[in-house]
Amino acid sequence: MKILKDLHTGRKKFSRVERMHFLQELEEELKVQMDLDIPLKYVPLAQKQMVEIARTVYANGQIVIMDEPTAALQAEERDKLFSVIRGLKEKGHSIIFISHHLDELMEICDFLTVLRDGHKVDEGPVGEFSVDRIISDMVGKELKNKYPKKDVPIGDVIMKVEGLSDGKAFSDVSFELHRGEILGIAGLEGCGKNEVIRAIFGKNQYNAGTIEINHKTYPNRIHSAMEQGIAFVPAERKVEGLFLKQDIAWNTTIASLKRICKMNTLSRKEEIKRTESY
């Protein structure tokens with residue numbers, strides 16, 4: 001991949017023709033399509049990972065380590081990644097694939113190594129393993145019921161979303177969330193599900209519809225949503241959910257400063273105390 005090699009040597013400006021050649025090389029090597037004019041920070045997470053892999057390909061990395069590469073990917077994006085991994089394997093690259101999704105290990109790996117408390121406890125060809133065996137190795141004992149279903153009573157409606165629209169990413173979205181209930185919102189990348197959740201939290205604006213918490217509407221602002229007891233965990237937590245230059249205590253309490261302030265002054269002692277309790 002000549003243009004990728006030029007990138008590696010420090011060339012910063014490329015003609016439109018060179019960019020098109022780059023796209024063709026990228027499509028041939030990784031079977032993905034990208035717009036090179038978009039700054040990387042605006043590219044979806046799945047494509048960022050493909051850029052990482054492209055960098056590995058042009059650097060001719062013979063051993064590729066992937067640490068939880070599917071953690072924030074949708075099923076379709078995961079399948080594309082697996083296709084790329086198989087292609088790298090066919091070209092002679094060796095891959096270390098780290099994941100807590102055991103079904104993925106069974107699907108994509110040839111050989112498994114299981115660690116517990118920093119020590120290797122089992123290894124062998126993937127065909128010799130079952131998910132139950134891997135789990136037993138990880139926890140040190142046999143688990144007879146991996147996912148016990150607990151009987152939790154479903155209560156009254158705590159949130160009601162009706163006719164929510166932003167005129168662009170989503171329209172006429174309605175649902176109810178009951179106390180004690182887990183509600184899933186599913187869809188392919190770009191279908192608008194992320195924008196809906198951001199609108200509920202006040203991060204994105206909407207121009208039609210209502211959101212009620214305990215039968216009361218609230219303004220389309222993050223502060224108002226937090227006052228209603230809504231918390232938001234973004235998909236890209238490293239980018240949007242954490243202050244990486246600050247410590248764990250700072251990050252844990254930043255959304256609830258009133259609880260650790262005394263006379264409008266931040267109490268470091270209270271901050272540490274609450275963080276340690278969590």
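Me: Is Thr70 buried or exposed?
Reply: Thr70 is buried, because its relative accessible area is 3%. Buried means under 20%, exposed over 50% and partly exposed in between, with a 1.4 Å probe and protein chains only. The model is predicted, so local features need pLDDT of at least 70 and side-chain atom pairs 80 or more, while totals for chains, interfaces and linings use all residues. Residues are numbered from 1 along each chain as its sequence is written, and side-chain values use heavy atoms, without hydrogens and water.

Me: Where is Thr70 found?
Reply: Thr70 is in the loop between strand S1 and helix H4. Helices (H or I, at least four residues) and strands (E, at least two) are DSSP runs, numbered from the N terminus.

Me: What does Thr70 touch?
Reply: Leaving out residues up to four places away in sequence, Thr70 touches Arg78, Leu81, Phe82, Phe97, Ser99, His101 and Glu104. Touching here is contact, with heavy atoms within 4.5 Å.

Me: Arg78 and Leu81, which helix is that? Which residues are buried there?
Reply: That is H4, where the buried residues are Glu77, Arg78, Leu81, Phe82, Val84, Ile85, Gly87 and Leu88. Of these, Arg78, Leu81 and Phe82 are among the residues that Thr70 touches.

Me: How many residues does H4 have?
Reply: H4 runs over residues 75-90 and has 16 residues. From its first C-alpha to its last, H4 reaches 23 Å.

Me: And what follows H4?
Reply: Gly92 follows H4, and its phi is positive, near 100°.

Me: Switching to H7. What follows that one?
Reply: Gly202 follows H7, with a positive phi near 95°.

Me: Which residues of H7 are buried?
Reply: H7 spans residues 193-201, and its buried residues are Lys193, Val196, Arg198, Ala199, Ile200 and Phe201.

Me: What covers them?
Reply: The cover includes three strands, S5 (157-165), S6 (173-178) and S7 (208-213). Helix H8 (222-227) and helix H9 (237-241) are also included.

Me: Now Thr113. Where is its place?
Reply: Thr113 sits in strand S3, residues 111-116. Thr113 counts as partly exposed because its relative accessibility is 45%.

Me: What does Thr113 touch?
Reply: Residues up to four places away in sequence aside, Thr113 touches Lys120, Asp122 and Glu123.

Me: How many residues apart are Thr113 and Gly124?
Reply: They are 11 residues apart in sequence, and 6.8 Å apart in space, C-alpha to C-alpha.

Me: Last one, Ile98. Where is it, and why does it count as partly exposed?
Reply: Ile98 is in strand S2. Ile98 counts as partly exposed because its relative accessibility is 37%.

Notes: Expected span 1.5 Å × (residues − 1).
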